[in-house]
Amino acid sequence: MFQALRAYLKKPATIIGIVTAMMFQIIFSLVWMSGYQGVNENVKQLKIAVVNEDQGVGKRVEEQLVSSLPFRMISEPSLSRAQEKLNNREVQMVLHLPADFSKQLQAQGEKGRIDYYINESNPALIKSIMQGVANGVTATVGKEAAAMGMQAVLVQANVPAAQAQSVAQGISDKVQSNIESINPVQGMHNQMVPMMMVLASYVGAMIMGMNLQQATAMLGPSFSRWSKFGARVIINVVSAVFIALIGSSLVVAMGGQTAAGFVSLWLFQALFLMTFMFFSQMFLIVFGMAGMLFNIAMLSIQLVSSGAMVPRELLGGFYHTFSEYLPATYAVDGGMNVLFGGPSVSADARALVAIMLCCLVVGLAATGLRREGRAAVKPAVSAAANA
């Protein structure tokens, strides 16, 4: 046994395996601990659009909410415009005070209604936070109503003073919430699909790239560097289309949502999987097998910064900015649009194509600058001489 142990330790592959396992621990610890630091404090970066159509009580409520809620409050004159921003993920919730809000509060037997709109085509944390905000706002509006001068507002509206006082004191029991979701997500298993697809695609692309790099080394001088590079490009493209077909089919077969249809899901997954392949192989082409360390780092960083688990708005400035240059960000954003609903994926697709082309150019440059041995320069001459 000890002889076998010594034999294993003499093999470079054994040492590389141990170092790789250690680097996973180091890189993931550094990235995740720093990436999620300050997430709670960054909740103030979330945006809520307020649409107030009531110039009575609603106006005072709007002013109170804008000044008190710990979010970036945006006043929107149009509900349709605010809902468009919500669908595009420019805001995280829309709060709507209808035009008859004051009348609802004054009328006997009726309750004032505050409408909330939440886009579920987002990380699950967004829905959880915004539902809590909606419940808190509804409870607070009534309790703070008298302090905000509701009685004076009602008197100015020609309501008798005695009735105004009675109505103002009872407002806390007359406010209800109406929460509506757009692009609803059907179950937790669907909510996790974007993260699963990105994780499976990048890890698969990373391991595939490592094996292609080893296969390239094994081919040696039998083929020119450009022939091998071209062959890798073809393998990447064909593999991405075929593998994405299997992955998308399994998602749909297991009950996954496809708001944009199966073909859109398949083609978009093929695009970001192909981008992952070129992205991960770029490091291997430039640095050799040492490029796997960069891929481990990129895997960790993209899981943190892509928005699959935690909204990018809650991350620190470095990770939020860096994520704009990484393919997983656009894979998650476009994936949510295709799976759950949202705007067109054309912008995300263009970003993925741009990243893929940049990686292809870097790979071409690294291949062109790499020196080859004599046998690699004239493989046909060497083969003929040996014959």
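Visitor: Where does UniProt place the feature "transmembrane region"?
Guide: UniProt positions are given in the numbering used here, and such annotations may be inferred rather than shown by experiment. The model itself is predicted. According to the unreviewed UniProt entry, the feature "transmembrane region" falls at residues 12-33, 192-212, 233-253, 259-279, 284-304 and 349-369.

Visitor: How far apart are the end C-alpha atoms over residues 192-212?
Guide: Residues 192-212 form one of the stretches that UniProt lists as a "transmembrane region". In the predicted model this part of the chain is 95% helix and 0% strand, and its end C-alpha atoms are separated by 30 Å.

Visitor: Which word describes how α10 and α15 are oriented to each other?
Guide: Helix α10, residues 193-219, packs against helix α15, residues 327-340, at an angle of about 135°, with the axes 9 Å apart. Angles over 145 degrees would count as roughly antiparallel, and those from 65 to 115 as roughly perpendicular. The pair is therefore oblique.

Visitor: How many nonpolar residues does the contact of α10 with α15 have?
Guide: From α10, Val193, Pro194, Met197 and Val198 meet Ala328, Ala331, Val332, Met336, Leu339 and Phe340 of α15. By class, this contact has no polar and no charged residues, and the number of nonpolar residues is 10.

Visitor: Is glycine 35 buried or exposed?
Guide: Glycine 35 lies in helix α2, residues 12-35, and, beyond its neighbours within four places in sequence, is in contact with Val304, Leu315 and Tyr319. Its relative accessible area is 0%, and the cut-off for buried is under 20%. Glycine 35 is therefore buried.

Terms used. Residues numbered from 1 in each chain as written. Predicted model: local features only at pLDDT ≥ 70, side-chain atom pairs only at ≥ 80, totals over all residues. Heavy atoms only, no water. Axes fitted to C-alpha atoms, helices over the stretch in contact; angles between N-to-C directions. Helix = DSSP H or I, 4+ residues; strand = E, 2+ residues; numbered from the N terminus. Parallel < 35°, antiparallel > 145°, perpendicular 65-115°, else oblique. Contact = heavy atoms within 4.5 Å. Nonpolar A, V, L, I, M, F, W, Y, C, P; charged D, E, K, R; others polar. Buried < 20%, exposed > 50% of the residue type's maximum accessible area, 1.4 Å probe, protein only.
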